[in-house]
Each structure stands twice: as C-alpha cells, then as structure tokens.
Amino acid sequence: MTAIVKHRLFWPAVVLVLLLVSNVFFAPRFFTITLQDGHLYGSLIDVLRSATPLALVALGMTMVIATGGIDLSVGSVMAISGAVACLFIGDLSDQGSVGGVLLAVGLALVLSLVAGIWNGVLVSVIGIQPIIATLILMVAGRGIAQLLTGGQIINVSSPPFRVIGAGYALAIPVSVIIVAVVVAAAVLLIRRSALGVLVEAVGASPTASRLAGIRSRGLTIMAYMFAAVCAGIAGLIFSSNVASADSNAAGNLIELDAILAVVIGGTALTGGRFSIAGSVLGAVLISALDITTYTIGVPAETTLLFKAVVVVILCLSQSAAFRAAVFRRRRTPAVTPAAEVPA
Amino acid sequence: MGDPPILQMTGIRKTFPGVVALDGVDFALRPGEVHALMGENGAGKSTLIKVLTGVYGIDAGDIRLNGTPVRFGGPLQAQQAGISTVYQEVNLCANLSVAENIFIGREPRRFGKIRWSEMRRRSAALLAGLDLHLDVAAPLSTYSLAIQQMVAIARAIDISAKVLILDEPTSSLDASEVERLFEVMRRLKRDGVAILFISHFLDQVYAVADRMTVLRNGTLIGEYATAELTQMQLVTKMIGKELTVLERLEEEPRTVTADAPREPIIETHELGRTGAIAPFDLTIRGGEIVGLAGLLGSGRTELARLLFGADRPDEGTIKIDGNPVALRTPRVAMNHGIAFSSENRRTEGVVGELSVRENIVLALQASRGWSRPIPRRKQDELVERYIKTLGIRPADPDVAVRNLSGGNQQKVLLARWLITEPRLLIVDEPTRGIDVGAKAEIQRLLVELADGGMAVLFVSAELEEVLRLSHKIEVLRERHLVEELDNTGGGVDADRVMQAIASGATP
C-alpha cells in the first residue's frame, strides 16, 4: 500500500481521477461510452483523442529533457509538418489517392527529421544552449510554415488523410492507435536497447559520462530528431483532424503544455532519469483538465486561471517538501526541533 | 618584527558533524608581513580562512583584530572591518569594465547618478599605485587572468587595506605573471598591509613569505620564520612522517619485488599540456604499479588525464605497444585498453542518480554502443560477481549510487572499469576519504590486479600508500616530472621521496 502511495505517479493519477470524477456532477453521462456505427463515443474517448498530439510531443520532449536539454520548436515543427502535408495533398490530381497521402506523410516526417537534426547539431555540435538553439526554430519554423501556406489556411478534402486524425479502426480512434503504437515502439526501442540508460547518464552527469566513454553528441542529436519526428506526427494528426493546415494555430504554445506534461510525469528538467509513462499520463491529465473546464462551464475568460490553479495544486502534491510539511503537522503536532545542527 | 599582531586567533576549534576540522589552532598576522598558511589538502587551511571571515562560526577560541575581540557574521562584515579575501577563481564580472569591477556596489554617485569619469579616474590612480597601467574602461575579460587577479586585489585593498587574504592566487598564473603578482604583494607589504598567502607551490612561498604557519589534520604544527626552515623540513612537517594509527591497521608493509621485465604498454615522449603539465617521458609496463607522488597541484591528476584522453596534449607523442596513437577522447583511450577512475568521484566518476548495476556496466555499455545492450543475464552475472569480490554494501544492484558511502562509490567505480578488462588502469586518489577497511581492500585489489599482469598507474597524495604499492615512483613537483625512483625491493623510503618533492631539480 505504501509502495503505491510512494510511487512517483501516484499523485498525478489521483489528480486525474479527481478531475474526471468531478465532471460527473456537471455531466452525469460523462463516464458513459457508447458504440455507434462501430465507433466508440463518449467523453472519456474525447479526453484520449484530444490528448493525442500533446502525448506525442511530450514523448519526444521527454527524451530531450532527459539529455538535459529542452525543445521549444516542437509547435513550429507541427505547423511545418501539417503545412507540407496539406500543400502536397492539395496539389494531387486525386486527393483520395492513398499513395499520394502516404507520400505527403513521408515528406512531412522527413522535413521534421531535418528540423530535429538542425536542433541537435546546434545544441551538441555547435554548443548553443538548448533553450536558445530551439528558440531559433520556434520562431523561424512558424515563419517557414506561414511562408509555405502563404499565410492562408490550406483546406484539403482527402478522405485517406482524414483517417489519421479523425478516423476509426476497430471502433477506436486512429489517432489514439497511432499514439499507442508510437509510445509502445519508443518504450521498446529505448528500454530494450541501451539508449535509455546512456541518455540518463548523459543528462545526469555529462562529465562523468564523458569519462565513462559515452559519446553524448550522437545521443543528443538522436533525442532532438526523435522529438521533431514526434512533433511531426502530432502535426499530421492535428491538421488531419481539422482537414486543413493552419500555420498560426497548429501547435501554438504546445511546447509549454508538453514541458508541463513531462514535469508532471516526474522527469526532472535538469535531465537524467525519465519516465515515458509519466509524460503520457501528464498529457492525458492536461487534456482532461481542458475538457473539464468546458464541462463544468468555467467562463472562457477564467479558463487559464482555472488551469493554473489545478497545476499549482498538482505541483504541490508532487513536492516532497510540501507533503512532508502537511503530513508532519497532522501526525506530530508541535514538535520543537532539536538543538540546531550547524550545516 | 616587533609589531603587535593586527590579527590574533587563539585556540580556534571548529567541528563539523563527525569531523574536527580545527583543533586549538593559533594564528597571528602582523602588519607589513606576508604570512603563508601551509598544509596538505584537508589540513584545515580553508576552514581557518572561512572561520576568520565569518563564513563559519567557531566552537571555541578567540579572534582579535587590533586587540579587540571580533566575531564576523559573514565576509561582508569582515570586509567592513578591514579583512578582504581574494580567492583562487577570480570572482569578478568579466563582462564589466575594469573600473566598474573595482567600484561595483559602491560607485561614486552624485544625486543618485553614477559619476563615471570620477570612477575611471580613481580606478586608474588605484591601479597605478600597483604599477598597473590599464585602460580601465575596457571589459575585464580583455585582460589576462593575472591582471584580473590584480584588479581583484586592487578592489580588495581599496575597500579595506589592513588584512588581505590571498587564497591560491597563483594556481592559474604562469611564471612571469606570478612574479608580477609578487611585485604587487611586496609593494603592499611596504605600505603596511598584512597579507595571508596560501599556495601549494613551495618555491613561491619561499620567494615571497616572511613567515609561515603549518597545519596538519586540523592541528597547529607551528609557526616558523621562512628563513629558518628548509623546504625539506617544511614538507616533513606538512605531510607528517610518523605512521598514523590508521595506517598501522592496514596491511603489513609489502615489499615490492621485480618480476621478469615485461614489454611497455604505454610510453610517452615529451608529452605535455600548457598550464597543466610540462613535457614528460613515462613508460608503464604490464604487471607494474607506477605511483605518482607530489604535493597537491603538482600536476598528478593532469598527467593522468593526458594518458586517458580526458584532456588533449598539445605536444609530444604517446605509443601503445610501440605504435604511436592519438588519444583524442576517453573513448579512444578505452579502445586501447586504458581505464581511468577520477579523483572527483561524485562529479566525474559515478552517476549518482543511476543504480549500482547501471553504473557498473556503464563503461562497457558505452564501448559497445547503444544498439548492443548487454543482456540482462550477463549484467546480473557481472554485477553480482563484482559486488561480491569488492564487497560493495549494500549488496543491492538496484539502489541509487548516490546513497552509497564514498568507499562503496569508489568500489562501484573500480568495478565499472574492471569489467572492461583494461590493460592499464589509472586510479586517481582511489582511497581518499574512505574508511580504513575499504582502503586496505582497494590496495590489496590493485596489487592482485598487477600480479595478474595489469599495468596500474596509482595516484595518491598519501606517500606511505604510494611507497607500499608502487614498483616505480614518479615524483612530480610544480607541474614537472622531476624524478623517477625504482622501488623494487622496497629500496625507497619516505625521506627519499620527500627530498625529491622538496628539492627535485626543476628544469
């Protein structure tokens, strides 16, 4: 029992459950999931579906943060990926061609990969601080996306493309399946190979890692590449879901939610130990929070404030110092500290 | 010098949990003298300075400034009372101008507005007093470290000109810069400033200090006039010749015997790195323990790092098995069968966040690359074997290394390198700060490894330890390898090494 309570994901999980339960008071059918036309419908499904782009971005961000870095450019990469895919599909003679859509998807992901290499090289070869290095692409990337789309929203009507973000397979939303597959593949790759432990070593102690013979440069570039590809897929899901490329809205401020999801998941911003499961849980929690604000009818102008309050509570619940202070007071009131010990 | 002391510390005692850092230490500083504070690492020099400047409180004792008892709440109060400290690392703002650095926090103002011209004029005058003629409007970073050091001193004496503490000011300066600094110190001395000088370089101490106080293990050994104490006597007092109780608990002194000569594993020719270690020739053979002896800052670690590719040499050559190689990175050195356990166990050795298992397999995994993970069964087998062989406690492979004691962290680090089956094992201070039992175990292990044919480069500040284990002792002095002593048959004693440390011929 205490082992469960002490698990680092215990409190985020509790907050998630509380959030979901609180919805029931405002929407009694919140937990109801129905099967219509072979598709699962319900608020819980909505939570998962709307969490998909964020979960992917948070997954990539986890690896970058584990190396001791940060990637601010993920939102812009999402925008580029969506813009490229929609432009390519828009130019197809037959927008319904599956081959054409696959080509568009491939092109978008290759460009995302290039963006990741750019970030990785700036950070690990040229030695620019990660926050600055990725700020470049954060600003420039959205500019590129806007340039590509001519500042317009590019609409597409391609049924195969729609499947990615809005389709269903085996009654489950395709986007949820994509995320599940990517997360599972990432966990397998990272934990079955030595990538995970080497990245953790580099993030926790770059000097010690170097003297242990770890070549951090390649690992760091790979982390940024992975983050960018994850963002690219997220961009495809986002633009497929709305059947258009909106270079201003796609992935706007998602880097902040992604960083928050990673931190909620128990990965320290200083690098080192990371938890992919934690980051995915964090992404679902943030998505649940967004949906809860709608369900309980938080006025639009106070949505951000409401979100902030929940995040503060969440962070406090994760703070060892805060918990210690609260619990100690409850158990042993008025204990005067023993004679002061000099540091 | 019949002047009454400006600063008098008597019976200073300072304890930290479990450690007595200073025990009944007396110290007196007179106006117009340069007084060196001498002692090996951990002798209590920095604690004494921190106690004096109010960084730490004291448990017992008395500090008097000009005869009045004082207790400072912090360096700022000490500075206001006339005691300024200039540390080893220049802690000024390199991006600000020289004048700004001198006057930061106390700029001359009129109606709240900084009077820049006044500030520049006064800075220039102040520096001219030290025979320094600089462009005071230029950023500090445009000047050499030595000049920056002197700007820090100028700032310190302008704030308060009674007592100046210089903590290792010369460690990053070259010979001509040191001479320049000494000129400034002599000038200040003539002006009646009392200077407390800390340096690991004996020649420098003898060049500039009038008097010295020697500490060892937190106790006062004595105060001496520089002219009355030879370097040899000083080294003996600093290191302490008698075997301590601790050491008697260790193994019986081992007589090192020579086997049939083996082929050299590594040979260096004129290998050197500017500012770290002067060019040296060194040969290490299989089955041989080579000890590096020398005072702190003599270049022991710097030499070891060059052999592992942790730093790049800027001259000279390395041959491994007779073939020239360039050890550009640690990884390259590892591929040649070299392993290096750093003296900075916590920052450059183990990764505290990771588990014992992960730390032990880290180097082997790194050399295999990320795509070829060591199978879990193999990991378990290796980790279990080394936890048992080295007696790592707790014997739990999944506990985070930061929760282990220093000795056990050291064993984890050794295990990390031993599983890579190196041909040359470089260990820098493997026994520092660990308990007696673990220390003896590690020494025994090194001997066994060498008997098994491995070459070991053993770096330690403890002379007895180096003497007991090494076949060959390389003596370093002020970043030069000054002498090589053959210890097979136990032919070398501590006196002989100390003599080399104190007076070895510096080229």
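Within strand 14 of chain B, Thr283(B) is the bridge partner of Glu267(B). In this predicted model, strand 14 of chain B is joined to strand 13 (residues 264–273) of chain B by six bridges, and the two run antiparallel.

Both strands belong to an open sheet of four strands in chain B, ordered 14-13-16-17 and paired in antiparallel fashion. Strand 14 (277–285) and strand 17 (323–325) of chain B each have a single partner strand, so one side of each lacks a neighbour in the sheet. Direction ignored, neighbouring strands of this sheet are turned by 20° against each other on average.

## Six-stranded sheet of chain B

Chain B also contains an open sheet of six strands, in the order 18-19-20-15-21-22, with mixed pairing. Its edges are formed by strand 18 (338–341) and strand 22 (480–486) of chain B, each of which pairs on one side only. From one strand to the next, the twist averages 15°.

Strand 15 (residues 289–293) and strand 21 (residues 472–477) of chain B run parallel and are joined by four bridges. One pairing involves Val290(B), whose bridge partner in strand 21 of chain B is Lys472(B).

## Nonpolar core

The largest nonpolar core comprises 248 residues, and those touching the most other members are Val57(A), Ala58(A), Leu198(A), Ala227(A), Val284(A), Ile426(B) and Leu457(B). Helix 11 (residues 216–242) of chain A gives the most to this core, contributing 16 residues.

Ala58(A) may be followed in more detail. Leaving aside residues up to four places away in sequence, Ala58(A) touches Ala258(A), Ala261(A) and Val262(A), together with Ser279(A), Val280(A), Gly282(A) and Ala283(A).

## Contact between the chains

Across the interface, 23 residues of chain A are in contact with 25 residues of chain B. On the side of chain A that touches chain B, the elements giving two or more residues are helix 9 (195–204) and helix 10 (206–211) of chain A. Helix 9 of chain A supplies the largest share of that side, six residues.

## Confidence in chain A

The average pLDDT of chain A is 86, and 93% of the residues score at least 70. Over residues 331–343 of chain A, by contrast, the pLDDT is below 50, and this stretch has two contacts in the model beyond near neighbours in sequence.

Conventions
Residues numbered from 1 in each chain as written. Chains lettered and ligands numbered in written order. Predicted model: local features only at pLDDT ≥ 70, side-chain atom pairs only at ≥ 80, totals over all residues. Core = buried A, V, L, I, M, F, W, Y, C linked by C-beta atoms within 7 Å. Buried ≥ 20, exposed ≤ 12 C-beta atoms within 10 Å, placed from the backbone. Contact = placed C-beta atoms within 7 Å. pLDDT = per-residue confidence, 0-100. Pairing = 2+ DSSP bridges. Axes fitted to C-alpha atoms, helices over the stretch in contact; angles between N-to-C directions.
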